[in-house]
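The briefing that comes after it begins with one pairing and then widens to the whole chain.

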Amino acid sequence: MTEHTVNMLKAVQEQEIVDPRTGPIAMRLSDVSVAFNGRTAVRDVTFDVPANNVTALIGPSGSGKTTLLRSLNRLHDLTKGAKVSGKIMLGEDDVYGGNIPVTVLRSRIGMVFQRPNPFPTMSLYDNVVSGLRFNGVKKKSILDAAVEESLKAAALWDEIKDRLKAHGSTLSGGQQQRLCIARALAVEPEVLLMDEPTSALDPIATQKIEELISQLKSRVTIVIVTHNMQQAARVSDLTAFLLMGEDRAGEQIEVAPTLKLFSQPDDPRTMDYIQGRFG
Amino acid sequence: MVATAKTSQTAVEAEGRRPSASTRGAYEWTLLIISGLFGLVSVWFVGTIIWQSASTFKSQGFYIFTGLNWIPGAGTGSPSQYGGRAMIFGTIETSLIAMVIAVIIGTGTSLAINFLLPQKMKTFVATVVELLAAIPSIVYGVWGMLVLAPWFLYTIGPFLSSLPGGTAIFGTTVAGKSLLLAGLVLAIMVLPTFVAISREVIGAVPHELVEASLSLGATRWQTLWKTVIPTARIGLFGATTLALGRAIGETIAVSLVCGGVIGSSFKPLEPGVTIAGFIATQWGEAVGSDQIGALFAIGAILMVVSFAMSVFSRRLVARQRRAAAVV
Amino acid sequence: MTDSLTTQQITSAEIRAHLRERSSATLRRRMATSRIMTILCWLAISLAAVPLVALLIRLFEKGTPVLLKSGFFTQLPQQPTLFDQTNTGGVSNAIIGSIAIIAYATLASIPIGIVVGIYTAESDSKFASTIRVVASTMVGAPSILMGLFAFGLIVVQLHLGFSILAGSFAVSVLMLPVLIGSTEIAVRNVPPTLREAGLALGAKPSTTSLRIVLPAATTGIVTGAILAISRAVGETAPVLLVIGGAYAITWKPNDPGSALPVTMNSYVASNFDSLKDLAWGIGLLLVLVIFVLSFAARIWAARKQKVQR
């Protein structure tokens, strides 16, 4: 049982549910909608992402949670016909405003994907520093230090420190995913987006990463999409529940501190979902 | 179309269904015998070419590689000279020009098709590229000769000559025909083949890798150069060797535009010869086993080079595949 | 390997600061490079498209009137003179000759190529892999070598002379490796579960192959055959060396004959513009035939896929 869960249970017993949004806010979403070729995929999402906390996006498939996540680091720019409306603020900056170049934005908001995807032609070392190199860092001493630091933060340093020149495929799935986390962390992002990071991993690897997530939040704000609500309950501080509406667009049903959403949700639909009434 | 069915072979192996000698029936024997027949044909193929060229190699020795003169001795009383240097150099020069142009433009084209063109156009473009790759080389040759050569004569040639040191570096064409033109025609001819393969290979790079790269703050070009192309490099190498193989072996497209003159200078604008082109143009005039044997001889050189390239590239691809493993 | 002692001296804050500094210092250059390279890629695709489009346009422009001219398909070739420059006749002899060559070559190479392709797909013996390597090496071999081979074997050794047979032989040697390769791919692409199911029912391996696997691979095999034929149609060099040349219409294997690409090759060097135009016409004819074959292969492959779904 992770420390997080222990604290959660203590809080339940003491009826002390702290809303993390009372603290500093990392990102603000206001009426965010995403449409593809005119067809809305997710609409009118409004909530704050608290800094140094884990925010989970949950909901059945089709509810638009991944679509919403990808709008945060402007990955939809790659898709022709995609339109993101509303306002997304990263600190003082408008994510879709003109003043941050998208490459800078993406080094402030990192991403970890569903399936581990280390760059196949690079060694482990090169994978971890790839982000730094993209951003123009060349000094070996800095790169070496960053490798050690990120791999330690991803709880992978001890396992691979002796074979940094090895190839990505020599790692297990869970190790590869932690490598990708280290890679994302190396560019020192403020926010780390995670798109179902453990869905392709076995239970032990999943547990390791969930523990890692709890450790990482002191260093970086985390937004995680997961289709596994138990996972959301285990790792997150704030949970947003999305559901596909009648117009086949995802909409935000409820956003609340995790403890509250899972024990006393306001919306009956949330209650139905967490009780497993629909998938 | 990449053959990805190695797994099916191992799966079938596991079934233990490989027939041993005792269980071979009519079906297996038929397959074996016909395959043996093909093997025989291929051996005869290599053998014929080597056999017919043997006497020339004996009489010319290394001259066939280094010599410039191609003078049959029949009737003149002096021994024949069959020097293949001009053809060998011509083949190398035209192929090199062709490959440099084709790889650079072809890679840029494949990147553009995959990343710059709208999604909807992709199947259309893929079809067009495959059709272009099917156009026979003689069409390229005729177009090169009747359309490009005059252009070279009246525009490119004077332009290059007017550059400082122009004529000295580039030479002058004969009616526009030159090794440079041949290289250009080869490049245009080989481009669709190269693009057909490289487009597919670049498209096969998982999109997640592209997204991961961009998510680290890389620019679009950094992603293409540092992530996509390295990931696709095995396939790109295969496309290159395939195109190169076509280039060195091409006969008609080259013979119509290279000028057909055995020269000692290999300046790009000068006319020249390639091995395959020379064989084709000289064939009609070759009389007697002496001259024909000489043509076989340079054909043998071409054959050895082509086979060596094929073996080499296969080994390299296999080694790269093993090194990269599957991630 | 990194020396932990050294890297401990570089703090996390230092890394962050260095990163921020480098990132903003290189930002403009990186973005400019990306923009320039994007433009260059657009340039590349334009440079690739322009000559190919120009070629097709010129081909259709010059070739269509020739194809439409009466007699192109039906008349024998004639020799234009200074006084009668347009008296070119047609290319009927070359058409028949080409058809004959392709037909004989197809008849010879398709059965053999398919059988060998099946063998290399199903067997994992050393001999099979040797054959596979040989076939794939020959696919990339210069086509003129096939002409030399046909000369050495058919014309000289067998004393059959310059003939349609020799031309067909050269073309079939050209087609064989291509067929072997495409057949092997088609057979290997049949899902292994199909073969396993057959064997599980107790069928002999040969029966499984003949009754289950090969029928499933038919689409791919036929597609490969059509594509091999379309490649053979335009091949000039191997045929040029051994066909001999004939004015009359003939399809007898023993006779010297004519072929479209060979005629095209000789006409293009002519002094008469009318013959040069005829070369364009032949070129267009070849391209049209090849396009039709390619489309046929595509439609065949697509239709069968629909049925399988």
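In this predicted model, A:Val112 has A:Met194, a residue of strand 7 of chain A, as its bridge partner. A:Met194 is also paired on to strand 8 of chain A, where its bridge partner is A:Ile224.

**Strand 7 and its neighbours**
- Strand 6 of chain A, which covers residues 109–112, runs parallel to strand 7 of chain A, and 4 bridges join the two.
- Together with helix 8 of chain A, which spans residues 203–216, strand 7 and strand 8 of chain A form a right-handed β-α-β unit.

**Burial of strand 7**
- Strand 7 of chain A, residues 191–195, is mostly covered, with 5 of its 5 residues buried.

**The chain as a whole**
- Chain A contains 11 helices and 10 strands, and 52% of its 279 residues count as buried.
- The C-alpha trace of chain A spans about 55 × 45 × 30 Å along its principal axes.
- Because a compact globule of 279 residues would have a radius of gyration near 19 Å, the 19 Å of chain A agrees with that expectation.
- Among the contacts in chain A with a separation of 6 or more, 69% are between residues 24 or more positions apart.

Key
Residues numbered from 1 in each chain as written. Chains lettered and ligands numbered in written order. Predicted model: local features only at pLDDT ≥ 70, side-chain atom pairs only at ≥ 80, totals over all residues. Buried ≥ 20, exposed ≤ 12 C-beta atoms within 10 Å, placed from the backbone. Pairing = 2+ DSSP bridges. Right-handed = clockwise from strand over helix to strand, strands pointing away. Rg over C-alpha atoms; globule rule 2.2 N^0.38 Å. Contact = placed C-beta atoms within 7 Å.
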